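Points are grouped by topic.

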Amino acid sequence: RSSDLDELVTNIEVAALSRRIASRWKFLARRLGLRESFICEIQLQSSSVLEQAHRMLVYWKKSQGSLATAGVLSKALFEEDMGAAAEEIFGFFELPVLSVPSGGSSDDKRSRDDAGASDDEIMYREALEFGSVLINRYRLMVVGQDGGRKSCLIDSFLNRPFKRENP
């Protein structure tokens with residue numbers, strides 16, 4: 001779904017997400033604020049990591065009630081480097097920026113602050129000013145034989161100049 005951040009997580013989404021995060025469910029559990037003793041209890045109850053992930057998400061959903069939203073869960077997933085799971089299950093989001101620096105900034109101050117800043121830093125500051133950040137994260141795996149010029153391909157993706165001395 002391409003959902004609203006304030007919508008409650010559904011049981012279908014819990015089941016689908018369980019499969020996507022099975023091997024890393026404990027990291028997400030900690031990020032969601034679940035106690036270590038509860039994590040150990042889940043591990044003792046089932047030997048299947050898929051079942052453990054599912055139990056954790058069901059418990060989190062029940063314990064949070066109306067706060068068990070797609071936005072809260074997506075934020076935790078992105079913070080644990082599981083953003084692909086959030087994108088697959090919930091769709092693409094504009095996640096809210098949780099803390100906006102106090103005090104206004106003038107155009108003069110912004111141009112001084114942006115001097116020497118990367119495009120990413122400038123976009124981040126603008127996102128803070130407007131209150132949201134569009135998150136699109138992608139991961140690409142390049143596989144091949146030694147000497148197959150994988151590093152040249154990666155360099156071209158990153159707009160780096162061609163280097164003949166690359167192995």
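Does Arg 20 count as buried, partly exposed or exposed? Arg 20 has a relative accessibility of 37%, so it counts as partly exposed. The model is a predicted one.

- The structure contains 6 salt bridges.
- One of them pairs Arg 20 with Glu 88, with the closest N and O atoms 2.9 Å apart.
- Because Arg 20 belongs to helix α1 and Glu 88 to helix α6, this pair ties together parts that are 68 residues apart in sequence.
- Arg 31 and Glu 80 also form a salt bridge through their side chains, at 2.8 Å from N to O.
- Here too distant parts of the chain are linked: Arg 31 is in helix α2, and Glu 80 is in the loop between α5 and α6, 49 residues apart.
- Glu 80 is buried, at a relative accessible area of 15%, whereas Arg 31 is partly exposed at 40% relative accessibility.

- Glu 51 and Arg 55 form a salt bridge whose closest N and O atoms are 2.9 Å apart.
- Both residues lie in helix α4, 4 residues apart, which is about one turn of the helix.
- Arg 55 is partly exposed, with a relative accessible area of 32%, and Glu 51 is partly exposed at 32% relative accessibility.

**Helix α4**

- Helix α4 runs over residues 49–64; at 1.5 Å a residue its 16 residues should span 22 Å, and the end C-alpha atoms are 22 Å apart, which agrees.
- The buried residues in α4 include Gln 52, Ala 53, Met 56, Leu 57 and Trp 60.
- Viewed down the helix axis, the buried residues of α4 fall within an arc of 130°, so they line one face of the helix.
- Among the elements covering these buried residues are α1 (11–21), α2 (25–31), α3 (36–45) and α5 (70–79).
- Gly 65 follows α4 and has a positive phi, near 60°.

**Nonpolar core**

- Nonpolar side chains tend to be buried together in soluble globular proteins.
- The largest nonpolar core has 27 residues, and Ile 21, Leu 28, Met 56, Leu 73 and Leu 77 have the most contacts inside it.
- At least two residues of this core come from each of α1, α2, α3, α4, α5 and α6 (83–90).
- Helix α5 supplies the largest share, 5 residues.
- Setting aside neighbours within four places in sequence, Leu 77 is in contact with Leu 17, Ile 21, Leu 28, Met 82, Gly 83, Ala 86 and Phe 90.

How values were computed:
Residues numbered from 1 in each chain as written. Predicted model: local features only at pLDDT ≥ 70, side-chain atom pairs only at ≥ 80, totals over all residues. Heavy atoms only, no water. Expected span 1.5 Å × (residues − 1). Buried < 20%, exposed > 50% of the residue type's maximum accessible area, 1.4 Å probe, protein only. Arc of directions from axis to C-beta. Contact = heavy atoms within 4.5 Å. Core = buried A, V, L, I, M, F, W, Y, C linked by side-chain atoms within 4.5 Å. Salt bridge = Lys/Arg side-chain N within 4 Å of Asp/Glu carboxyl O.
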